[in-house]
Amino acid sequence: MDEIRQAIVHGDYAAAASLPVPESYRAVTVHADETDMFEDTAPADRDPRKSLHVDEVPTPELGPGEALVAVMASAINYNTVWTSIFEPIPTFTFLRRYGRSNPLAKRHDLPYHVVGSDLSGVVLRTGPGVHAWRPGDEVVAHCLSVELEGPDGHNDAMLDSEQRIWGFETNFGGLAEIALVKATQLMPKPVHLTWEEAASPGLVNSTAYRQLVSRNGADLKQGDTVLIWGASGGLGSYATQYALNGGAIPVCVVSSPDKAEVCRAMGAEYVIDRSADGYRFWKDDHTQDPKEWRRFGARIRELTGGDDPDIVFEHPGRETFGASVYVARRGGTIVTCASTSGYEHQFDNRYLWMNLKRVIGTHFANYREAWEANRLVAKAQIHPTLSTTYPLEQTGHAVLDLHRNVHQGKVGVRVLAPAEGLGVRDHELRERHLKSINRFRSTPWTSESDLRSVGTGDQ
């Protein structure tokens with residue numbers, strides 16, 4: 001792996017691809033024999049640092065239509081939080097189910113799970129039937145793994161009966177030195193971004209695109225008022241950018257003054273700091289407070305000049321869903337995924353039914369949607385929201401940041417990349433957008449010379 005790393009850092013991707021693929025590699029894993037380690041601990045109090053390990057694992061067999069990728073960087077998503085705290089169920093349930101589906105899938109049913117659903121890196125090998133990608137290609141990967149052997153997925157791959165999220169419902173994910181992906185997960189790496197920046201949009205950028213922009217989601221149009229929960233977080237930060245980029249009017253909901261400032265820096269005019277305003281949508285664990293819904297709705301109208309949201313971008317779930325249904329305008333849309341605060345949504349159906357509102361469920365994105373989302377990043381119309389980067393050995397700390405909601409934007413992980421700032425090929429494009437690229441960073445690169453001082457991997 002060290003030889004492959006050095007070849008990539010020096011920009012010799014052909015040499016990296018010609019080297020032997022090692023028989024094993026380092027990877028972040030959870031263990032099947034530890035799934036009960038938190039059984040007496042509330043999910044909110046579980047510590048991912050106890051369950052996540054950095055192990056040496058065997059390199060998986062490469063199958064038809066697949067690729068092995070040397071992973072330079074990855075990133076943390078909420079599905080890795082769920083995996084690490086074994087909620088709502090241990091992911092080994094998914095791996096066992098997948099392992100039963102076909103002989104090649106048996107590779108995934110192991111006593112350990114290599115996690116992670118983002119990557120940027122270089123293709124090392126491709127399996128039979130792969131024609132669009134070659135060893136040595138710079139790539140990022142989206143996390144949709146589909147078989148497409150049945151009819152259901154051929155209009156929208158997200159409806160495929162064998163649709164899974166790579167690194168969550170499959171093994172051999174991106175928080176590892178080598179990842180196994182289907183070739184239909186691969187996309188070109190944006191040339192103006194570093195490895196860690198390029199890895200960070202992946203899951204959340206594609207999810208936000210489908211949820212907000214696609215016809216499979218809210219079908220955003222110019223002038224729409226969009227309420228965005230967690231607007232400075234991993235998912236919400238992309239929703240905010242898409243709203244602004246598409247001529248809509250975001251109303252950003254955040255939980256601290258620092259997060260509010262990030263939203264304003266992105267260009268959002270209307271920001272609600274829910275902690276400062278003291279909104280409490282639940283009186284207790286069992287009873288919601290409609291008075292708080294009304295107070296929240298009045299605040300939105302105060303900001304927008306009387307407009308209710310055309311679209312509510314929902315992902316917290318249980319904590320906020322009742323308020324989301326209430327504040328959406330008559331005929332409006334609540335588009336939902338994730339449910340990070342709980343899956344059991346409660347709302348007053350009178351506000352949905354009698355006001356002709358719609359609830360749309362969305363889940364990640366199909367290949368076309370992911371490709372379009374990545375294309376916008378490559379064209380520097382949508383920017384990465386990377387705030388902090390950890391080395392692979394500290395992945396547990398990175399996941400804990402997300403679990404405790406002390407992060408902004410995306411939290412990255414350096415895997416084979418020995419330092420931040422490597423992998424940039426188009427310095428001119430980067431320089432034009434450096435302020436936006438750095439917007440979420442706690443310690444931003446102050447100039448392009450910072451990148452050149454550590455090397456860029458393109459010499």
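Okay, a definition before we start: rings of Phe, Tyr and Trp (its six-membered ring) count as a pair if their centres lie within 6.5 Å, with planes under 30 degrees apart called stacked, over 60 edge-to-face and the rest tilted. With that in hand, Tyr-78, Trp-82, Phe-94, Phe-168 and Tyr-343 make up one aromatic cluster.

Quick housekeeping. This is a predicted model, where local features need pLDDT of at least 70, side-chain atom pairs count only at pLDDT 80 or more, and totals for chains, interfaces and linings use all residues. Residues are numbered from 1 along each chain as its sequence is written, and side-chain values use heavy atoms, with hydrogens and water left out.

Back to the rings. There are 17 aromatic pairs in the structure. Take Tyr-209 and Tyr-242: the ring centres are 5.6 Å apart and the planes sit at 75°, so that's edge-to-face. Tyr-209 is in helix α7 and Tyr-242 in helix α8 (residues 236-245), so the pair ties together parts 33 residues apart in sequence. Helices here are DSSP runs (H or I, at least four residues), as are strands (E, at least two), numbered from the N terminus. Tyr-209 counts as buried at 15% relative accessibility, and so does Tyr-242 at 3%. Buried means under 20% relative accessible area, exposed over 50%, partly exposed in between, with a 1.4 Å probe and protein chains only.

Now the core. A nonpolar core is a set of buried Ala, Val, Leu, Ile, Met, Phe, Trp, Tyr and Cys residues joined through side-chain atoms within 4.5 Å. Which residues have the most contacts inside the largest one? Those are Leu-186, Leu-212 and Tyr-242, in a core of 85 residues. Helix α7 (residues 202-213) gives the largest share, 5 residues. There's also a second, separate core of 28 residues, including Ala-7, Tyr-13, Leu-19 and Leu-416.

Leu-186 deserves a look. Leaving aside neighbours within four places in sequence, Leu-186 is in contact (heavy atoms within 4.5 Å) with residues including Trp-133, Tyr-367 and Trp-371.

Over at helix α1 (residues 2-9), Ile-4, Arg-5, Ala-7, Ile-8 and Val-9 are buried. The buried residues of α1 pack against α2 (13-18), β3 (66-75), β5 (119-126) and α6 (195-199). Just after α1, Gly-11 takes a positive phi of about 80°.

Last bit: charges over rings, meaning NZ of Lys or CZ of Arg within 6 Å of the ring centre and within 35 degrees of the ring normal. Lys-189 puts its charged end over the ring of Trp-195, 5.2 Å from the centre.
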